[in-house]
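This briefing is meant to be read beside the sequence and the coordinates. It begins with a definition, continues with the overall fold, and then takes the details by topic.

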Amino acid sequence: MTFSVPPADPAAAVAHFHARLSFETDVSDVHAALEAGTPGLVVVDSRGDAAWRQGHLPGALHLPTAEIADRAADLVPAGSTVVTYCWGPGCNGATRAALEFARLGHPVKEMLGGFEYWAREGLPVITPSGTVRRRVDELTAPRSAAVCDC
């Protein structure tokens, strides 16, 4: 097969993909880290108040992107690893939030898929009526487990 742009050489590919993995994580890995009680991990929901009330990850800190510069020092311990999330893959709010935390000197990753994929993979969501789980969307994860084994 001929590509309009040939694939990168393996050394460049290693550097690229390693860099991506150091900047990004996925909902399965975040869920596992939260379940394990990973020390120093702070998961930040960067959405607004209405979105937070609609549902959020268990243990997440609500800190809208516009407030990070002013409030993060009081809420996020120095040296904590921060994982940011927003609505989903169609929103770059988590990217903007991650940038703000990086500017403040935190090691940070963006959670790919955001709240949307967390909920679609059947993981627990905190709502005003309690903890709920959606049926697993078979386009995001196997119905039999909340992990894709990738």
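A residue is called buried when its relative accessible area is under 20%, exposed when that area is over 50%, and partly exposed in between, with a 1.4 Å probe and protein chains only. By that scale Thr65, at 18% relative accessibility, counts as buried. The model is a predicted one, in which local features need pLDDT of at least 70 and side-chain atom pairs count only at pLDDT 80 or more, whereas totals for chains, interfaces and linings use all residues. Residues are numbered from 1 along each chain as its sequence is written, and side-chain values use heavy atoms, with hydrogens and water left out.

**Overall fold**

- The protein chain has six helices and seven strands, where helices (H or I, at least four residues) and strands (E, at least two) are DSSP runs numbered from the N terminus.
- Read along the sequence, these elements follow the pattern α-β-α-β-α-β-α-β-α-β-α-β-β.
- The C-alpha trace spans about 55 × 40 × 30 Å along its principal axes, and buried residues make up 39% of the 150 residues in the chain.
- Among contacts (heavy atoms within 4.5 Å) between residues at least 6 apart in sequence, 61% join residues at least 24 apart.

**Aromatic rings and charges**

- The structure holds one aromatic pair, formed by Trp87 and Phe115 in an edge-to-face arrangement, with 5.9 Å centre to centre and 85° between the planes.
- Rings of Phe, Tyr and Trp (its six-membered ring) pair if their centres lie within 6.5 Å, and planes under 30 degrees apart count as stacked, over 60 as edge-to-face and the rest as tilted.
- Trp87 lies in the loop between strand 4 (81–85) and helix 5 (93–103), while Phe115 belongs to helix 6 (residues 114–120), so the pair ties together parts that are 28 residues apart in sequence.
- Trp87 is partly exposed, with a relative accessible area of 35%, whereas Phe115 is buried, at 8%.
- Arg47 lies over the face of Trp87, at 4.5 Å from the ring centre, and Arg120 lies over the face of Tyr117, at 4.8 Å from the ring centre; a charge sits over a ring if NZ of Lys or CZ of Arg is within 6 Å of the ring centre and within 35 degrees of the ring normal.

**The largest pocket**

- About 190 Å³ of space lies in the largest pocket, a volume being the space filled by probe spheres set on grid points that are joined across faces, edges and corners.
- On a 1 Å grid over the protein atoms alone, a pocket is an open set of points with protein on both sides within 12 Å along at least five of seven lines, and lining residues have an atom within 4 Å of a point.
- Its lining consists of Phe17, Arg20, Leu21, Glu24, Thr25, Asp26, Asp29, Lys109 and Leu112, with helix 1 (10–23), strand 1 (24–26) and strand 5 (108–112) each supplying at least two residues.
- By class, the lining has three nonpolar, one polar and five charged residues, where Ala, Val, Leu, Ile, Met, Phe, Trp, Tyr, Cys and Pro count as nonpolar, Asp, Glu, Lys and Arg as charged, and the others, Gly among them, as polar.

- In helix 2 (residues 27–36), Val27, Ser28, Val30, His31 and Ala33 are buried.
- What covers these buried residues includes strand 1, strand 2 (41–45), strand 4, strand 5 and helix 6.
- Helix 2 is followed by Gly37, whose phi is positive, near 65°.

- Thr65 is found in the loop between strand 3 (61–62) and helix 4 (68–75).
- Leaving aside neighbours within four places in sequence, Thr65 is in contact with Ser46, Gly93, Arg96 and Ala97.
- Asp45, found in strand 2, is buried, with a relative accessible area of 0%.
- With neighbours within four places in sequence again left aside, Asp45 is in contact with Trp52, Gly55, His56, Leu61, His62, Leu63, Pro64 and Tyr85.
- Asp45 and Arg134, which are 89 residues apart in sequence, lie 19 Å apart in space, C-alpha to C-alpha.

**Separations along the chain**

- Ala15, in helix 1, is partly exposed, with a relative accessible area of 48%, and the C-alpha atoms of Ala15 and Thr131, 116 residues apart along the chain, are separated by 40 Å.
- Thr2, in the segment before helix 1, counts as exposed at 74% relative accessibility, and the C-alpha atoms of Thr2 and Glu121, 119 residues apart along the chain, are separated by 36 Å.

How values were computed: 1 Å grid on protein atoms, 1.4 Å probe; cavity = no way out; pocket = protein on both sides within 12 Å on 5 of 7 lines; lining within 4 Å.
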